[in-house]
Amino acid sequence: MAFWGDRARRARNSIAAIILAATGGPALAQDDAGFARYMVELRQQALAQGVSTRTVDAVFPTLSYNPRVVELDQAQPGNPNSTTVSMFAPYRIKHVDAARIGRGRSTYQAQRSRLARIENETGVPESIMVAIWGHETNYGSYTGDFDLLRSLATLAYEGRRRALFSGEFIAGLKMLDRGVTRSELKGSWAGATGNPQFLPSIYLRLARDGDGDGRADIWNSPADTLASIANYFVNAGWRPGQPWGVAVDVPASFNRSEVTNRMVSPRCPRVFERHSGWRTMAEWRALGIRPRDGRWPGDSVMATLLEADGPGKTAYLLTSNYRVILDYNCSNFYALSVGLLADAIAG
């Protein structure tokens, strides 16, 4: 009898262990309790920053801790001590492929009247707007299905970048005060939303009404999406009439030590440390650099050299407009792919 009692207890304990493992167990319960306490603090911050009581009272009871968001955040690559340098070619194959180019050209043609008007108003090329849309959400085919406010509240609670994510959470509440619906506030686990994948603070600052209906609808309106992307680029310093860069050949005799970049960027230093120092196009030409397609920007245009696949492969001379693309997403591979996709769409 005692044997069977012990056996039953062991079975119950095993079942309990399985349930705890499946649900996150005490650790998840602890996170839920800590999350609830932090929400009291975050609620007060939101009210202090001007969010309406109506919005706060509607949103906070619906929030809960999302462990999946924390898992995704903690799985992000980027060891600051890593010395590994990746090559661009594999990334390019996946992100500037025939399907994305084809959809980009179709989108470009379908939106030509809107694109031409926006380019005329802002100076941002039509193809660049479309390429950003293509890279961010595959032209709107997937914009993310995470509850934005739940994700941002969870990331703020996690604390690794609390100042960033608490600010974005409160910006999301302000979007609701502006008339955005809770159902529209869906997006990536990291808090980006809509066709251009704007963070809430970016939406508040830079989203634009492109179709004249009085609302910046970056979820459903192509006109608003494109106008908002263009406005972002204008705000970041896009220079009309200047290319983002050109593909070039570097001679075997090239002395890279003569063009070493000795400046350290305060933002995304690992991205910029792969770039050379800045020279005029005339100076690069004098050093033996040659454009692959024969086209060459004006001699006075400043550019930096990036050998994204190492010596002996296609390199790129990049202008200040390339740095504007980096402002959208601080990754050389992303920015190069946007520029190359834009060229393919327009080509």
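Reader: Are Phe60 and Phe169 buried or exposed?

Author: The model is a predicted one. A residue counts as buried when its relative accessible area is under 20%. Phe60 and Phe169 are both buried.

Reader: How are the rings of Phe60 and Phe169 arranged as an aromatic pair?

Author: Phe60 belongs to the loop between α3 and α4, Phe169 to helix α10, and 109 residues separate the two. Their ring centres are 5.6 Å apart, with 80° between the planes. Planes over 60 degrees apart count as edge-to-face, and the pair of Phe60 and Phe169 is edge-to-face.

Reader: Why is the pair of Phe198 and Tyr328 said to tie together separate parts of the sequence?

Author: The rings of this tilted pair have centres 6.4 Å apart and planes at 50°. Both Phe198 and Tyr328 are buried. Phe198 is in the loop between β2 and α11 while Tyr328 is in helix α15, so the parts tied together are 130 residues apart in sequence.

Reader: Which residue lies over the face of Tyr38?

Author: A charge sits over a ring if, among other conditions, CZ of Arg is within 6 Å of the ring centre. At 4.1 Å from the ring centre of Tyr38, the residue over its face is Arg162.

Note on methods:
Residues numbered from 1 in each chain as written. Predicted model: local features only at pLDDT ≥ 70, side-chain atom pairs only at ≥ 80, totals over all residues. Heavy atoms only, no water. Phe/Tyr/Trp six-rings, centres within 6.5 Å; stacked < 30°, edge-to-face > 60°. Helix = DSSP H or I, 4+ residues; strand = E, 2+ residues; numbered from the N terminus. Buried < 20%, exposed > 50% of the residue type's maximum accessible area, 1.4 Å probe, protein only. Lys NZ or Arg CZ within 6 Å of the ring centre and 35° of its normal.
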